[in-house]
Amino acid sequence: MPKRRARGLRVSLAVAVTGILCAALGASVVLTGGYSVHRMAGGTMRPELREGDRLLSDRVAAADVRRGEVYLADSPWMLDHLVVSRVAALGGDRIACADGQATLNGRPLDEPPARQAHTCYRDFDVTVPPGRAFLMSDQRESAIDSRIDSGDEWQGTVDLATLTGHRVVWHSGPDAPGLPGKLTGAVVLGALGVLLALGGLIAALVTGSAARRRGES
């Protein structure tokens, strides 16, 4: 095989190997990122999440749970399915409803007015224990969330450990946000890797085939 053709074959194989490595790296990010897909049932999180929307969730450490984030959690409220709810308060926070006014640490809740409309269908006053969270859905008139058990031992709160596997980071629908940057990068890297691998392999096959024909002639 002429040196030029041999060099072309080596380059093609190197491109293919690089593509395979890129695709494998992209796939590893997706597979090890703890992402999972769910389907929204019910309308307790309208208008942001609608019934039937696809939800993408990831894993997060308990220390990284933040107020305002949406999570799927194993229901502590006698339901036989995951519930989708928003973190309203965390350990050390005092969340209360009195005389129709909802407050967090003595200040009005910083939320859209529509979301607050039915927050105080009952009065409560909860200081969230450490390592736990107080959850509320967005459509609060009929939602089952931490408010219904605010008088129990844990004041309706849930252990942060129940939330760490299911932070909602993307959803389908008209107002769908962009995919998380890490996931977008992994998808682009994987797609680029597949293209490089295919291109390199095809080029290597063409080069090898041409070399064989030249050797036979």
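1. Aromatic pairs. A search of the whole structure, which is a predicted model, turns up one aromatic pair. Rings of Phe, Tyr and Trp (for Trp, its six-membered ring) pair if their centres lie within 6.5 Å; planes under 30 degrees apart count as stacked, over 60 as edge-to-face and the rest as tilted.

2. Basis of the values. In this predicted model, local features need pLDDT of at least 70 and side-chain atom pairs count only at pLDDT 80 or more, while totals for chains, interfaces and linings use all residues. Residues are numbered from 1 along each chain as its sequence is written, and side-chain values use heavy atoms, with hydrogens and water left out.

3. A charge over a ring. Arginine 132 lies over the face of tryptophan 154, at 4.2 Å from the ring centre. The rule here is that NZ of Lys or CZ of Arg is within 6 Å of the ring centre and within 35 degrees of the ring normal.

4. Helices (H or I, at least four residues) and strands (E, at least two) are DSSP runs, numbered from the N terminus. Two strands pair if DSSP finds at least two bridges between them. Strand S5 (residues 94–98) is antiparallel to strand S6 (residues 101–104), and four bridges join them. Within this pairing, isoleucine 95 has leucine 104 of S6 as its bridge partner. S6 also runs antiparallel to strand S7 (residues 107–108), with two bridges.

5. The disulfide. Counting pairs of cysteine sulfur atoms within 2.5 Å, there is one disulfide. The bond joins cysteine 97 to cysteine 120, with an S to S distance of 2.0 Å. The link is left-handed, with -75° about the S-S bond. Cysteine 97 lies in strand S5 and cysteine 120 in the loop between helix H2 (113–116) and strand S8 (124–127), so the pair ties together parts that are 23 residues apart in sequence. Cysteine 97 is buried at 3% relative accessibility; buried means under 20% relative accessible area, exposed over 50%, and partly exposed in between (1.4 Å probe, protein chains only).

6. Salt bridges across the chain. Side chains of opposite charge can pair when their charged atoms come close. With a salt bridge taken as a side-chain nitrogen of Lys or Arg within 4 Å of a carboxyl oxygen of Asp or Glu, the count is eleven. One of the salt bridges is between aspartate 175 and arginine 50, whose closest N and O atoms are 3.8 Å apart. Aspartate 175 sits in the loop between strand S11 (167–171) and helix H3 (181–216), and arginine 50 in the loop between strand S1 (36–39) and strand S2 (54–58), so this pair ties together parts that are 125 residues apart in sequence. Arginine 50 is partly exposed, with a relative accessible area of 30%.

7. Two further salt bridges. Arginine 94 pairs with aspartate 125 in a salt bridge, the closest N and O atoms being 2.5 Å apart. Because arginine 94 lies in strand S5 and aspartate 125 in strand S8, the pair ties together parts that are 31 residues apart in sequence. Arginine 94 is partly exposed at 45% relative accessibility, and aspartate 125 is partly exposed at 42%. Aspartate 145 and arginine 147 also form a salt bridge, with closest N and O atoms 2.8 Å apart. Aspartate 145 is buried, at 0% relative accessible area, and arginine 147 is buried at 0%.

8. Arginine 86 and its network. Glu48, Arg86, Glu111, Arg115, Asp138 and Arg140 are linked in a network of salt bridges. Arginine 86 is found in strand S4 (residues 82–90) and is buried, with a relative accessible area of 7%. Leaving out residues up to four places away in sequence, arginine 86 touches several residues, among them Glu48, Arg115 and Asp138. Contact means heavy atoms within 4.5 Å.

9. Methionine 40. Methionine 40 is found in the loop between S1 and S2 and is buried, with a relative accessible area of 2%. Its contacts, apart from neighbours within four places in sequence, include Arg50, Leu55 and Val84. The C-alpha atoms of methionine 40 and valine 84 are separated by 7.9 Å, with the two residues 44 apart along the chain.
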